Amino acid sequence: MANGIYVGMAGASARLDQLDSIADNLANAESAGFKAERPAFESFLPAGQTTGPQAPVAVSTALDLRDGAQKSTGRPLDVIPEGGAFLSVALGDNKVGYTRNGQITIGADGLLMAAGHPLLDSQGQPIPVPPGEHMTLSPQGTLSVKNTQIAQVGTYKLSGPLERLGSSIIGVGPGGTAPPASGHMQTGMLELSNTTPIESMVQMIGAERQYDASMQAIQIYKTMGSRAGQLGTLQQG
Amino acid sequence: MLRSLYTAATGMEAQETMMDVVANNLANASTTGFKASQTNFADLISDTLQAPGGPQGGQTVSEPSGIQVGLGTRIQSTTPNLTQGTMSNTNNTFDLAIQGSGYFKVQQADGTFAYTRAGNFSVSAQGQMVTQSGLMVEPGISIPAQTTQVTISPQGLVSATVAGQTNANQIGQIELSTFTNPGGLLAQGNNLYSETSASGNAITVKPGEQGTGQIAQGYLEGSNVQAVNEMVNMIAAQRAYEMNSQVITAANDMLQRLTNIQLSS
């Protein structure tokens with residue numbers, strides 16, 4: 001069998017992977033602080049070959065870290081860290097996650113929470129809230145009770161390999177870095193998803209047509225295979 | 001089977017919930033002290049096909065990022081929008097509006113406390129100041145018999161003038177409750193909220209203190225539902241629902257094409 005049929009198969013398979021990513025981006029078009037994923041494809045040659053058809057495979061999914069649209073909520077504990085920075089949260093096992101979902105709340109144990117996990121200050125410590133006190137959060141990221149500063153919320157710039165951990169939380173993979181940022185933030189605002197529906201719909205149409213093309217190629221190889229079979233039959237007859 | 005089928009389904013489900021919230025907001029566009037809810041979405045966990053930073057595809061160099069495919073969305077929470085509702089003048093003695101943050105505290109039948117922004121109070125048969133559902137304002141305020149006039153100051157001081165007297169006597173103080181995270185209050189229905197571990201404990205102060213609002217007598221705070229916003233949210237939910245259904249159609253078409261290849265000779 002000509003190995004071109006496998007190239008067609010790899011192409012079709014890659015487009016199915018791409019559709020999975022598009023589906024996730026579209027499903028999260030309303031998730032606060034969501035960062036869209038972008039699959040990257042590369043062509044590869046079968047091992048030991050230097051020429052011949054090259055099959056595409058998905059080699060990585062990169063996170064699109066562009067800012068999403070912003071929405072004014074008027075809630076004093078809704079924040080958007082400035083300059084594309086992320087809030088940090090404790091994930092347990094001394095692991096730290098990062099999020100752009102700036103809806104800060106108070107947890108059952110009196111700790112400030114973001115994206116369902118304890119929010120960390122600039123020293124990497126959870127922030128307990130004094131019970132029964134009125135608390136304010138400044139655009140400089142400082143938390144105060146009765147005009148006395150109790151904590152500085154930590155913000156970080158992410159780069160390098162990143163992984164999504166669910167619930168709008170992003171982790172830093174091996175080799176990735178998260179240096180501290182200014183801690184400044186817009187308050188009373190929330191960042192929405194950075195999925196752009198038009199882009200996603202166009203990508204979806206593109207993926208579907210390229211999938212069709214790959215299927216067409218498989219069909220042609222299949223027909224060629226059966227013709228070759230018929231040729232053999234003629235010779236015998 | 002394609003993940004995208006299930007991923008798009010999570011999107012459609014979440015948009016249905018958003019429509020439910022929009023419908024409730026619009027239904028309460030005329031409810032005194034009602035705070036519109038907003039729907040908050042969060043992504044689900046991702047399928048990690050290849051961890052970031054590892055070598056792959058027989059190559060020796062490590063890739064800068066792995067392969068992760070997200071599995072969709074979910075409703076993380078619904079939070080109230082705490083902006084001020086529209087104020088309307090009613091001239092009723094016991095209609096009170098809070099100009100700013102804070103909640104009136106009322107005692108429920110079971111002795112626990114609830115909090116409300118709806119200041120359309122009345123006087124009960126026993127002369128107590130109560131909500132429209134008969135719950136007593138806390139701390140309790142008794143209106144003396146034969147009272148001709150009750151005035152409530154912006155700081156919450158309640159004074160009554162009794163028939164035959166010229167001077168008003170102070171008969172009580174209205175207090176407001178404030179919360180570190182008012183978004184964490186639990187809506188109970190009947191315009192009432194109860195405190196939760198997420199809201200923090202109630203802090204009781206006099207109106208105007210610690211950032212709370214002052215009292216406006218003879219006014220009512222209407223619903224803060226913005227009909228235009230809700231219509232926009234409805235359109236957004238409807239279109240997002242359609243786009244997710246388009247993904248299902250695309251995935252279905254692609255799978256159908258695959259089946260056709262196997263069937264045709």
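User: How many residues does chain A bring to its contact with chain B?
Analyst: This is a predicted model, and the totals for interfaces use all residues. Chain B brings 60 residues to the contact. From chain A, the number is 63.

User: What area is buried between chain A and chain B?
Analyst: The size of an interface is often given as the accessible area lost when the parts come together. Carbon and sulfur atoms give 54% of that area here. On the chain A side, Asp20(A), Glu30(A) and His134(A) supply 12% of what chain A buries, more than any other three residues. The area buried between the two chains is about 5,000 Å².

User: Which residue of chain B meets Asp20(A) in a salt bridge?
Analyst: Three salt bridges are counted between chain A and chain B. In the one with Asp20(A), N and O are 2.8 Å apart. The partner of Asp20(A) is Arg3(B).

User: Which element gives the most to the side of chain A that touches chain B?
Analyst: There are 19 residue pairs in polar contact between the chains. Elements that each supply at least two residues of the chain A side include α1 (4–27), β1 (37–44) and α2 (197–236). The largest share, twelve residues, comes from α2(A).

User: How many nonpolar residues are on the side of chain A that touches chain B?
Analyst: Sorted by class, this side has 19 polar and 15 charged residues. The nonpolar count is 29.

User: How far apart are the centres of domain 1 and domain 2 of chain A?
Analyst: Domain 1 of chain A covers 2–65 + 195–236, and domain 2 covers 70–191. The contact takes nine residues from domain 1 and ten from domain 2. Taken over C-alpha atoms, the centres are separated by 39 Å.

User: Which residue forms a salt bridge with Lys35(A)?
Analyst: About 810 Å² is buried between the two domains of chain A. Ala32(A), Lys35(A) and Leu63(A) lose the most area on the domain 1 side, together 56% of what that side buries. Three salt bridges cross this interface. Lys35(A) has its closest N and O atoms 3.1 Å apart in the bridge with Glu191(A).

User: What is the N to O distance in the salt bridge between Lys35(B) and Glu221(B)?
Analyst: Chain B has domain 1 (2–82 + 225–264) and domain 2 (87–221). Their centres lie 42 Å apart, and about 740 Å² is buried between them. The count between them is one salt bridge. Its side chains, Lys35(B) and Glu221(B), meet at 2.6 Å.

User: Is Thr7(B) buried or exposed?
Analyst: Thr7(B) sits in helix α1 (residues 3–27) of chain B. Beyond its neighbours within four places in sequence, its contacts include Ala23(A), Asp24(A) and Ala27(A), along with Gly70(B). The relative accessible area of Thr7(B) is 1%. That is under the 20% cut-off, so Thr7(B) is buried.

User: Is Thr51(A) buried or exposed?
Analyst: Thr51(A) lies in the loop between β1 and β2 of chain A. Ala27(A) is 24 residues from Thr51(A) in sequence and 41 Å away in space, C-alpha to C-alpha. The relative accessible area of Thr51(A) is 58%. The cut-off is over 50%, so Thr51(A) is exposed.

Note on methods: Residues are numbered from 1 along each chain as its sequence is written. Chains are lettered from A and ligands numbered from 1 in the order in which they are written. This is a predicted model: local features need pLDDT of at least 70, side-chain atom pairs count only at pLDDT 80 or more; totals for chains, interfaces and linings use all residues. Side-chain values use heavy atoms; hydrogens and water are left out. Domain bounds come from an automatic or database domain assignment. Buried area is the accessible area (1.4 Å probe) that two parts lose on being put together, summed over both. A salt bridge is a side-chain nitrogen of Lys or Arg within 4 Å of a carboxyl oxygen of Asp or Glu. Contact means heavy atoms within 4.5 Å. A polar contact is a pair of N or O atoms within 3.5 Å; within protein, one must be able to donate a hydrogen and the other to accept it, and residues adjacent in sequence count only if both atoms are side-chain atoms. Helices (H or I, at least four residues) and strands (E, at least two) are DSSP runs, numbered from the N terminus. Ala, Val, Leu, Ile, Met, Phe, Trp, Tyr, Cys and Pro count as nonpolar, Asp, Glu, Lys and Arg as charged, and the others, Gly among them, as polar. Buried means under 20% relative accessible area, exposed over 50%, partly exposed in between (1.4 Å probe, protein chains only).
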